[in-house]
Amino acid sequence: MDFQPFGPAHKAAQNTAIIRETSKQIMQDRKAAIVAAASGNAISKADFGHDLLSLCLKANLAEDIPEKRMSDEEIYGRESHALIDGRS
């Protein structure tokens with residue numbers, strides 16, 4: 001069956017693209033907040049959360065584990081699964 005540019009499959013593809021772009025923007029914003037907090041430029045600790053995404057990003061930005069870092073795509077994939085599981 002060929003992909004149709006309309007109907008439920010098309011809507012699902014559109015929604016997935018929106019979720020992916022929004023997630024990438026949230027990740028970039030969180031990274032910036034974590035880096036700002038580490039350099040002392042954060043307004044408060046409320047600039048970034050203690051949720052799964054923030055914890056993964058903080059651990060990934062740690063300088064003492066360069067060989068164990070995950071790519072943004074890997075973090076996104078783990079977050080997507082956690083969100084679906086209801087753990088985030």
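**Reading the chain and its contacts**

Modeller: The protein chain has an accessible surface of about 6,700 Å², and carbon and sulfur atoms contribute 58% of that area. Please keep in mind that this is a predicted model.

Colleague: What pattern does the protein chain follow when read along the sequence?

Modeller: The pattern is α-α-α. The chain has 3 helices and 0 strands.

Colleague: How much of the protein chain is made up of buried residues?

Modeller: A residue is called buried when its relative accessible area is under 20%. Of the 88 residues in the protein chain, 15% are buried. A further figure concerns contacts with a separation of 6 or more: residues 24 or more positions apart account for 44% of them.

Colleague: Is Asn 60 buried or exposed?

Modeller: Asn 60 has a relative accessible area of 10% and is therefore buried. This residue belongs to helix 2, which covers residues 52-61. Apart from neighbours within four places in sequence, Asn 60 is in contact with Arg 69, Met 70 and Ile 75.

Colleague: Which residues of helix 1 meet helix 2?

Modeller: On the side of helix 1 they are Ile 26, Met 27, Arg 30, Lys 31, Ile 34 and Val 35. They meet Leu 53, Ser 54, Leu 57, Lys 58 and Leu 61 in helix 2.

Colleague: Let us turn to charged pairs. How many salt bridges does the structure hold?

Modeller: The criterion is a side-chain nitrogen of Lys or Arg within 4 Å of a carboxyl oxygen of Asp or Glu. The structure holds 3 salt bridges. In one of them, the side chains of Arg 20 and Glu 73 meet at 2.6 Å, N to O. Arg 20 lies in helix 1 (residues 7-38) and Glu 73 in helix 3 (residues 72-85), so this pair ties together parts 53 residues apart in sequence.

Colleague: With which residue does Lys 24 form a salt bridge?

Modeller: Its partner is Glu 73, and the closest N and O atoms are 3.9 Å apart. This pair links distant parts of the chain, with Lys 24 in helix 1 and Glu 73 in helix 3, 49 residues apart.

Colleague: Which residue forms a salt bridge with Asp 72?

Modeller: That residue is Lys 31, with the closest N and O atoms 2.8 Å apart. Asp 72 lies in helix 3 and Lys 31 in helix 1, so the pair ties together parts that are 41 residues apart in sequence. Asp 72 is partly exposed, with a relative accessible area of 36%, and Lys 31 is partly exposed at 23%.

How values were computed:
Residues are numbered from 1 along each chain as its sequence is written. This is a predicted model: local features need pLDDT of at least 70, side-chain atom pairs count only at pLDDT 80 or more; totals for chains, interfaces and linings use all residues. Side-chain values use heavy atoms; hydrogens and water are left out. Helices (H or I, at least four residues) and strands (E, at least two) are DSSP runs, numbered from the N terminus. Buried means under 20% relative accessible area, exposed over 50%, partly exposed in between (1.4 Å probe, protein chains only). Contact means heavy atoms within 4.5 Å. Accessible areas come from the Shrake-Rupley method with a 1.4 Å probe; for residues, only the protein chains shown count as cover.
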